[in-house]
Structure formats: C-alpha cells, structure tokens
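Here is a short note to read beside the model. Please keep the sequence and the 3D view open while going through the points.

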Amino acid sequence: MNLNFLLGDSIISPLGFGTQLNLEAIRQGETALQSHTNLSYQKDSFYAGIIDNDLLDEAFSRIGNLRAYTKLEKMMLLSIHQVLEDFPYLDLERTGLVIATTKANIDELGKGRFSEDRLMLWKLGEVVAKFFGFQDKPMIVSNACVSGALALKLGNDLIQSGRFDHVMVAGGDLVSEFVLSGFNSFQAISPEPCRPFSNDRQGISLGEAAAAMLIGPKTGKGETRIGYIDAVTANDANHISGPSRTGEGLYSSISRLLKANKVKPSEIDFLSAHGTATAYNDEMESIAFNRAGLQDIPVNSLKGYYGHSLGASALIESIITRHNMLNNELFASRNFTDLGVSRPLNIIQQHRSSELNLALKTASGFGGCNLAMFLKKVQDE
Amino acid sequence: MNKKYYIKDYVILRQGRLIRNGEVLLEAGNPELKDFLRKIYKSFGMRYPKFFKMDDLSRLGFLAAEILFDQEKPEADTALIFANSSSCLETDKAYSKTMSGFPSPSLFVYTLPNIVLGEISIRHGLRSENLFLVQDRFEPTTMIDYSHSLLNKAKASNVLCGWVDLHNTDYDVFLWQIAASGRLEHNEEELNKIYLPE
C-alpha cells in the first residue's frame with residue numbers, strides 16, 4: 001500500500017495566521033492564553049486563546065465576503081486557502097475534503113444571524129466545499145477531542161482505498177460560551193493558564209483555532225518528507241466523560257499501533273501527548289504511557305501555547321510535530337513546573353535540537369475515545 | 001484489497017416500528033419518542049440503570065445495538081462506525097437552556113455525537129475502533145470505504161455501522177453488522193434498499 005505524506009499545512013490561531021508564524025511564536029515562548037472577561041456568561045476572568053475579530057476580518061477580507069461567513073468559517077477558509085496557495089495545480093475533482101469539529105458554529109445558536117441550518121455540522125462542510133470548489137461531498141468527523149487526528153486517519157484510508165488522490169483535512173473549533181460554561185460546570189476550567197502534567201495543574205484552558213493539512217502521495221524528488229504511517233483508535237469502554245483509571249483505551253491504541261508496525265518503544269524519538277492539564281486526564285496518560293514503555297521518550301503537551309482547541313487540537317499538534325521533525329527540534333511543554341502525575345515522564349522542559357525520525361501522536365476525548373498515530377521522516381534516495 | 005464483505009444483521013427504528021432483518025418485532029403506532037423508547041426497553045426485558053441517564057440520541061443507538069446483539073454477543077474488537085445528520089442538536093438546545101441559570105454537566109456530556117459510541121462500548125466491553133461522521137443525509141459510501149479499510153488492515157474483526165439521527169421529534173435509526181460471508185453484499189445499493197424500501 002502506497003505511503004501518504006503530510007504535504008502542506010496551515011494553522012490559524014491567536015499565535016498567528018500561518019504555520020510559520022505559529023512555529024516562530026512558540027520558539028519565542030509566546031502563548032495564545034490571555035485573560036478574558038468579555039464573554040457574558042463568565043463573570044470572573046478566565047484564560048483562553050481567542051482570535052481577535054478585527055485581525056481575522058482584515059485577513060479574511062482579502063479572500064471573501066466578511067458578512068457571508070461565521071467566525072469559524074472564516075478561520076477554516078483562511079487555513080485551507082493558505083494550503084491551496086502552495087498547491088495551485090491540485091485537482092479538486094480528485095481531492096477529498098474531511099473536516100474535524102466538535103461544535104462547529106455552536107456560537108450562533110439562538111442568535112439568528114444566519115439561517116438555522118448553519119448550526120448543522122454538515123452545513124459547515126458544504127460552505128467550505130462551495131467556497132473552493134471541492135467536487136465530492138465533504139466528510140465531517142465529530143469524535144470529540146480525537147477528531148483532528150482521526151480525520152487524518154480517515155483521509156489516509158480513503159486515498160489508499162482509491163477514492164481520492166489527495167485529501168484536504170481541516171479542523172476547527174471556537175471558544176464559545178456553550179463550551180466554556182460546560183467545562184466550567186465540571187469545574188474543569190483552570191483559573192490560570194493550564195499547566196499540563198504539572199503538580200500545580202488546575203484544569204484546562206480553552207483555545208480556538210483552525211488548521212488544514214493536505215495529505216497524499218509524494219510529489220517531486222530529493223526531499224525530506226513526513227509520512228503518515230498508521231493510526232489506531234481504541235475506546236476505554238469505561239466512562240463517557242471520565243478517563244479510564246488504568247489508561248486502558250490509550251494503552252490499547254498505543255500497544256496495537258506498536259505491534260501492527262513492529263516498532264519498539266525505544267525507536268520513538270518524540271511523543272506529542274494530549275495533556276489537557278485536568279487532574280484525571282494527565283494522570284491517565286502517564287499510566288498509559290508507562291504501561292506502553294514510553295516513560296523515557298521526550299514528551300510535551302502544546303496546550304500551554306494554544307489552550308485546548310477540541311476538534312482542531314490533534315490536527316494542530318500533528319502539524320507542529322511534522323515541522324518539529326523536518327527541523328529536528330523539540331518544543332518545551334509550556335507552563336510545566338514539577339511532575340504531578342504518579343508515573344515518570346520525560347517532559348521536555350526547554351526548546352532543543354534533536355534528530356527526530358519517528359514520532360508518536362496521541363489524543364483522548366469524551367466518549368472514551370483514544371488515538372495513537374505514527375509519523376515518520378522519509379528521505380528520498 | 002477488493003475483498004468482499006456482506007451485510008449480516010440489521011435493525012431499523014422508525015415511526016414506532018422496530019424491524020430486525022426484515023421482521024417487524026414491535027409496532028407501536030406512532031407514539032412519542034420517549035414512549036417508544038420505554039416500550040422497547042420493557043418489551044425486551046432490559047435492565048440497565050445507565051440507560052435512564054442517557055440522552056435520547058444515545059438511547060436510540062443503545063437500544064438498536066441491544067437488539068442487534070441480542071442473539072450473539074459482539075467480539076471485543078468490533079469497530080463502531082456511526083453517522084447522522086443532526087449531530088446532537090437536540091441535546092445542544094436542551095443544554096443551552098440551562099446556561100443562563102445552572103449549566104447542567106449531565107446534559108453537557110451528551111453534547112458530542114460520539115458519546116453514543118461510548119455508551120455502546122461500555123455496555124458490551126468494546127475497546128475498539130470508533131468513528132462518528134456527520135452528513136446531510138444517509139449516504140453509506142464513506143462508512144463502507146472506512147469499514148472495509150479497517151477490516152482489510154486487521155484493525156477490527158467485525159464492524160457495526162449505524163445511522164442514528166434525531167431532529168426535533170423525528171428519529172431515524174439503521175444499524176447493520178458486516179461479515180465475511182452472507183447473502184447481501186455490503187455495498188451502497190443493498191444498504192439503500194434496506195434503508196429505504198420501495
């Protein structure tokens with residue numbers, strides 16, 4: 001079966017509109033997480049990564065009609081537009097469109113600014129496909145916080161089954177009052193910027209973002225590329241909102257991935273974790289990673305830079321991983337203080353150079369879902 | 001690569017009727033959704049306290065899976081590939097009504113469509129592959145392609161596919177299992193024939 005590659009990408013976040021701007025911001029130690037008080041629901045201030053509407057409109061006005069699109073649509077359209085600019089000869093009749101989102105335009109609920117069907121997740125797909133002229137009906141993956149990476153897996157499989165030549169995978173979610181109030185009702189929102197895996201972590205910070213990635217077979221020669229190797233999902237079969245105490249599903253997804261690809265833990269150069277900074281999630285991850293023999297692999301969570309962008313997060317983290325591998329660099333796990341999980345982990349505490357050939361990306365979410373994915377550097381001969 | 005798969009068993013819940021493999025097991029006129037759900041739960045003698053905590057979307061998927069697995073317990077690596085049109089919009093609206101007072105955590109957890117996969121996985125101990133898709137209408141192409149991909153790559157030994165939609169008071173449920181042998185080939189034509197009989 002032919003290998004597919006991560007060919008081009010874009011991240012639209014408070015850290016910047018474009019992957020390179022995001023990478024540079026992270027290298028400089030910046031964060032999207034700022035104190036906000038402007039959402040009507042939340043009386044107290046809270047930390048979140050929120051995209052400035054004026055900046056977004058300024059960027060979007062160059063490609064589309066500002067009044068015709070919701071905030072999330074503008075973000076997502078911008079990200080796909082950026083990727084397509086690098087691939088002007090892409091045949092959209094043979095390119096599939098897969099979109100990952102948990103809540104899409106949920107911030108429009110009850111506002112009446114757009115037609116009612118704009119709340120439908122499939123409508124988001126329709127709007128995006130029409131804007132660019134994707135011919136095939138878009139596919140929407142809505143599988144909680146693993147959606148972004150699961151969309152890559154679906155895209156890869158649909159290319160390998162012969163349905164498409166390439167797939168554009170996009171993801172996006174907003175910081176909405178809906179989601180903020182929901183996590184707050186669980187008392188899961190941190191009063192400070194989130195601190196994944198730290199002993200003083202107090203919960204998650206939310207962050208909005210959109211991202212896009214083109215995957216497909218290699219083009220050109222003599223390049224270093226990042227290949228999509230394989231991904232496995234596994235359900236905890238334990239609880240719909242609480243992570244498994246034994247890390248069962250995450251452990252299963254990792255161990256099945258290792259076995260199917262005949263990879264030993266020591267061959268993995270980097271682990272891009274989910275790391276939401278809730279007490280239970282990070283503890284669960286540490287247990288699963290240890291059970292899988294990954295305690296020595298350099299690991300980080302990017303939530304301290306972006307906050308949790310839900311359906312977009314695993315796609316953004318895959319994009320950052322791709323560039324980390326191309327640049328042979330590891331990013332520090334921002335806001336980490338001292339280890340606050342019961343099992344040892346090799347948390348990356350400072351940006352540093354490191355030869356990266358094989359990376360493992362993991363994600364977990366509500367509904368008990370877990371995902372583990374291998375990305376590998378492939379050098380042309 | 002082009003190995004053939006077949007439709008093994010299927011269940012349909014629609015307009016007060018419960019159908020398994022073409023046979024009408026329950027005909028309840030056209031009752032309110034809650035009455036229909038209760039009737040199925042009772043007439044199959046189910047005892048599962050978690051059922052009463054679920055939202056209606058999860059109840060629909062859960063009951064359909066119960067009836068499908070009634071005769072044969074699923075293998076632990078049975079993948080779940082589900083889709084619908086309205087995501088969990090009914091529960092989104094119900095939750096949003098609580099936002100101005102005391103936001104309800106028990107409603108909020110059901111504001112993700114893939115929670116129904118979690119409920120079915122918990123019930124049957126399935127630590128398997130999951131995918132939840134949203135599409136404007138029933139169109140099984142992607143579910144077929146992806147389920148065959150999982151089977152061909154040995155990521156699952158069986159696949160349960162499901163269309164579980166709830167919008168306003170309209171519900172539409174069609175679950176089917178895939179097998180390596182059988183009478184009906186697992187393709188769009190056969191699935192559309194079962195989903196929308198002429």
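Is A:Glu317 buried or exposed? A:Glu317 is buried, with a relative accessible area of 3%, where buried means under 20%, exposed over 50% and partly exposed in between, for a 1.4 Å probe and protein chains only.

1. Basis. This is a predicted model, in which local features need pLDDT of at least 70 and side-chain atom pairs count only at pLDDT 80 or more, while totals for chains, interfaces and linings use all residues; side-chain values use heavy atoms, without hydrogens and water. Residues are numbered from 1 along each chain as its sequence is written, and chains are lettered from A and ligands numbered from 1 in the order in which they are written.

2. The A:Glu317 pair. A:Glu317 forms a salt bridge with A:Lys303, with the closest N and O atoms 2.7 Å apart; a salt bridge is a side-chain nitrogen of Lys or Arg within 4 Å of a carboxyl oxygen of Asp or Glu. The pair links distant parts of the chain, 14 residues apart: A:Glu317 lies in helix α10 (residues 313–327) of chain A and A:Lys303 in helix α9 (residues 303–306) of chain A. Helices (H or I, at least four residues) and strands (E, at least two) are DSSP runs, numbered from the N terminus. A:Lys303 is buried too, at a relative accessible area of 0%.

3. A second pair in chain A. The side chains of A:Lys74 and A:Asp57 meet in a salt bridge (2.9 Å, N to O). A:Lys74 is buried, at 9% relative accessible area, whereas A:Asp57 is partly exposed, at 24%.

4. The interface. In chain B, 50 residues are in contact with 53 residues of chain A, contact meaning heavy atoms within 4.5 Å. The area buried between the two chains is about 4,200 Å², with 62% from carbon and sulfur atoms; buried area is the accessible area (1.4 Å probe) that two parts lose on being put together, summed over both.

5. Charges across the interface. The rule finds 8 salt bridges between chain B and chain A. A:Lys153 and B:Glu129 meet in a salt bridge at 3.4 Å, N to O. A:Lys153 is buried, with a relative accessible area of 1%, and B:Glu129 is buried, also with 1%. A:Lys137 forms a salt bridge with B:Asp136, the closest N and O atoms being 2.9 Å apart. A:Lys137, B:Asp136, B:Arg137 and B:Glu139 are linked in a network of salt bridges.
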